[in-house]
Amino acid sequence: RKSEYRKFKIRGPGQQDDFAAIDEVITRYLARRRDEGLPLPDLMVIDGGKGQLSAATAAATRLDLGSIPMASLAKREEEVFLPGRSESVRLSRRSPSLRLLQRARDEAHRFGLAYSRQRRTQRTVTSELLNIPGVGPSRRRLLLERFGSLAGVRSASVSELAAVPGFSTRMAERILAHLAQ
């Protein structure tokens, strides 16, 4: 259910540490579900191996929510890890169960990568436009709403930029000169 998809901006040291990122996301997700009185997941599938699963189970245990079934799927050998088992479970490559886990993982990757790309693009566009003297957050927003992207602003003429409310011909010339550098 796409309405249940969630994006998390990693706040802590997890930006460089996969285990810390999983701990942060699981903690924030489950705590919010608990606080809002929403049902907990029937199964949590973690992307990664034994270490990632341990980080997720530790985070869930700290919240004292009872036992939430978890499994992790390690990409290299497509091994399934379960809490409390030292050895992985190897399902047949043709197993419908493995295919379901792979599809869930691949969809999570697709969703996460799209969000990561969106944030990276936003950072690039934001910093370049905000480096122009006289263009702050509200003017940047107006430019992006009108022209759609940094490339759209670059390809606009002076008169098109000056037609945006709050922009003069002089400001439009300054923006284009800065972006041409």
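Predicted model: local features only at pLDDT ≥ 70, side-chain atom pairs only at ≥ 80, totals over all residues.
Me: Let's start with the nonpolar core. What is the general idea, and which residues touch the most other members here?

Reply: In soluble globular proteins, nonpolar side chains tend to be buried together. In this model, the largest nonpolar core has 18 residues, and I22, I26, L30, M44, I46, A56 and M70 touch the most other members. The elements giving two or more residues to this core are α1 (18-35), β1 (44-47), α2 (50-62) and β2 (70-74).

Me: Say I pick A56. What does A56 touch?

Reply: Leaving aside residues up to four places away in sequence, A56 touches I22, I26, I46 and M70. There's also a second, separate core of 16 residues, with V153, L161, V164 and I175 among its members.

Me: Now the strands. How do I read the sides of β2, and which residues point which way?

Reply: For a strand, look at where each side chain points, then at whether it is covered. From β2, M70, S72 and A74 point one way, while A71 and L73 point the other way. Five of the five residues in β2 are buried, so to speak a mostly covered strand.

Me: Which strands does β2 pair with, and in which sense, parallel or antiparallel?

Reply: Go partner by partner. β1 and β2 run parallel and are joined by four bridges; I46 has S72 as its bridge partner in β2. On to β3 (79-81): β2 pairs with β3 in the antiparallel sense, over three bridges, and S72 has F81 as its bridge partner in β3.

Me: What do the connections make?

Reply: Follow the chain from strand to strand and note what lies on the path. β1, α2 and β2 make a right-handed β-α-β unit. β2 and β3 form a hairpin, with four residues between them.

Me: Last one: backbone angles. Which residue in the hairpin turn has a positive phi?

Reply: With a positive phi, check the residue type, then the place, then the accessibility. In the turn it's E78, with a phi of about 55°, although E78 is not a glycine. D64 also has a positive phi of about 55° without being a glycine, and D64 lies in the loop between α2 and β2.

Me: Are these two buried or exposed?

Reply: Compare each value with the cut-offs: under 20% is buried, over 50% is exposed. D64 counts as exposed because its relative accessibility is 66%. E78 has a relative accessible area of 9%, so E78 is buried.

Technical notes: Residues numbered from 1 in each chain as written. Heavy atoms only, no water. Core = buried A, V, L, I, M, F, W, Y, C linked by side-chain atoms within 4.5 Å. Buried < 20%, exposed > 50% of the residue type's maximum accessible area, 1.4 Å probe, protein only. Contact = heavy atoms within 4.5 Å. Pairing = 2+ DSSP bridges. Right-handed = clockwise from strand over helix to strand, strands pointing away.
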